[in-house]
Amino acid sequence: MTNPLTDVKNADVIFVTGSNTTEAHPVLGSYVRQAKEKGKKLIVADPIKIPLAEIADVFLQIKPGTSLALSHGMLHIIFAEGLDDKAYIEQNTQGVEELKELVKKYTPEYTAEICGVEKADIIKAARMYAGASVSSILYCMGITQQVNGVNNVYGLSNLALASGNLGKPGSGVNPLRGQNNVQGACDMGALPDVFTAYRKVTDHNARKSFEDAWGVKLSGETGLTATEAIPAALEDKIKMFHIIGENPAVSDADSNHVKKALKKAFVVVQDIFLTETAEFADVVLPAACFAEKDGTFTNSERRVQRVRQAVAAKGQTDWQIIMQLMNLLGYKCHYDQAEDIFTEMRALTPSYAGITYGRIEENNGLCWPCPNEDHPGTPILHIEKPLKGKAEFKAVEWQPAQESLKTEYPVLLTTNRIQHHYHTRTMTAKTKAIDEYYPDCYVQINPADAATWNIANGEFVEIVSARGTVKVKAQIADSIKKGTASMPFHWPDGANVLTCAAELDPISKVPGLKLVGVSLRKI
């Protein structure tokens, strides 16, 4: 996030898109509600009529996969009506002329046809967002889990840059992370192409700093993403998976092909419960839960916070397991405590260099970048100017996803999360008071579609995609747009049996989990 979580209360306009915020991020969702109660304006764009849509000043119930087109349509209005911040654009950006040329064709009529919304609502949203003194964008996986996910983010960035909504309180482009410490894991280089602080493995100078510290020679080749590693195992290019705190047999797209890969490879699972993935494991390493650990988490707003051990671990914590593995594999190392690892890490990570356990304690956490111990941290990014000097507008064309063009699968299924379950129910399914609210998977369909297919509420339906078939109960919901359906991903017999892993975003390598072509019939 470019801005702190509570900063959303300082916005005059909040634009929520691709995020069911009150369900998936309830604390931040409560901040949005508080801001609305104080008279702030709210724009919501989503294929589903989420709870925040009920209080929105503008609700754009767009078709799945059309977020970029909506951004272009709003930019068309912003440039055509002179709502752009010309001074900010001149001083801080580059590439605006190419973007202006691209969005000329995205008239309200053209955009409304693509997105399936009223052109008047697109115009109103554009004027509201760009006409306010300060506006904030909040987005989540409805934006990123698309085959054009990176381009979707470019579209939102373009909106912020065109309106000068960057580098000031209440503004920004703010991605909401899907799980605890996802931000911290990425910061630490848990990605195939970077070291800590997002320094590329192909960068000789970055690589040398780690080689000097560790006394080893490191590869300069980019590795595979998780979505690339699964098919690589089926092709005998990957021989082993070491899976820590993840359940890809349920959470990854096209779960049938994931299971085939897990059966073929040698699998090590390090987790606190026997997950569906652990059932494929050759070796299970019992991990420690959060209450048994000492260390840090980094949240969505880049705030590094302490986590303290509350109970004695029954076995070894994760870092102790990994340390032993490194020694057994030939890299001799030793740490006495989690803080030793943190100290080594920050010596090699410029954005964390000024963060110490003591300073975290004194300041209730610190936001990176924090380059030295005299630095206060950086809650808001890009304050004086974009960190890279000149921010780039990205003129990228919208293209429909292939899944939306399959005539044999005419219904557009999108996946979602519900407040009562966390990720793949590894923990929440074991908690009766939580699980009894939603013990089984289901699909939500529009009343008009239900009438066409003669489906009553609670009846079982069969949903088929090119990857598989699931049978679940139907919920008739007018929050769902006609011609679309929605299903939670939490269950092993749910949405990810149907989703596609073959078509990926060319940059992020993320599959289109939020748009699946399916057919649906009553059983």
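**View 1. Asn-364 sits in the loop between helix H17 (357–363) and E12.** Helices (H or I, at least four residues) and strands (E, at least two) are DSSP runs numbered from the N terminus. Asn-364 is not a glycine, yet has a positive phi of about 55°. The model is predicted: local features need pLDDT of at least 70, side-chain atom pairs count only at pLDDT 80 or more, and totals for chains, interfaces and linings use all residues. Residues are numbered from 1 along each chain as its sequence is written, and side-chain values use heavy atoms, with hydrogens and water left out.

**View 2. Trp-368 and Pro-369 are joined by a cis peptide bond.** Omega of this bond is about 0°. Pro-369 is placed in the loop between E12 and strand E13 (391–392).

**View 3. An open sheet is formed by three strands in the order E10-E11-E12.** The pairing is antiparallel; two strands pair if DSSP finds at least two bridges between them. Strand E10 (295–298) and strand E12 (366–367) each have a single partner strand and stand at the edges, so one side of each has no neighbour in the sheet. Four bridges link E10 to strand E11 (residues 303–307) in the antiparallel sense. Gly-295 has Val-307 of E11 as its bridge partner.

**View 4. Asp-57 and Lys-41 form a salt bridge.** The term denotes a side-chain nitrogen of Lys or Arg within 4 Å of a carboxyl oxygen of Asp or Glu. In this pair the closest N and O atoms are 3.9 Å apart. Lys-41 belongs to strand E2 (41–45) and Asp-57 to the loop between strand E2 and strand E3 (58–60), so the pair ties together parts 16 residues apart in sequence. The structure holds 24 salt bridges.

**View 5. Domain 1 (5–176) and domain 3 (402–522) are two of the domains of the protein chain, which also has domain 2 (182–367).** Domain bounds come from an automatic or database domain assignment. Taken over C-alpha atoms, the centres of domain 1 and domain 3 are separated by 26 Å. The contact (heavy atoms within 4.5 Å) takes 23 residues from domain 1 and 23 residues from domain 3.

**View 6. Domain 1 and domain 3 bury about 1,800 Å² between them.** Buried area is the accessible area (1.4 Å probe) that two parts lose on being put together, summed over both. Carbon and sulfur atoms give 61% of this area. Pro-64, Gln-145 and Val-147 supply 34% of what domain 1 buries against domain 3, more than any other three residues. Zero salt bridges are counted between domain 1 and domain 3. Helix H1 (21–24), helix H8 (141–144) and helix H9 (149–162) each supply at least two residues of the side of domain 1 that touches domain 3.
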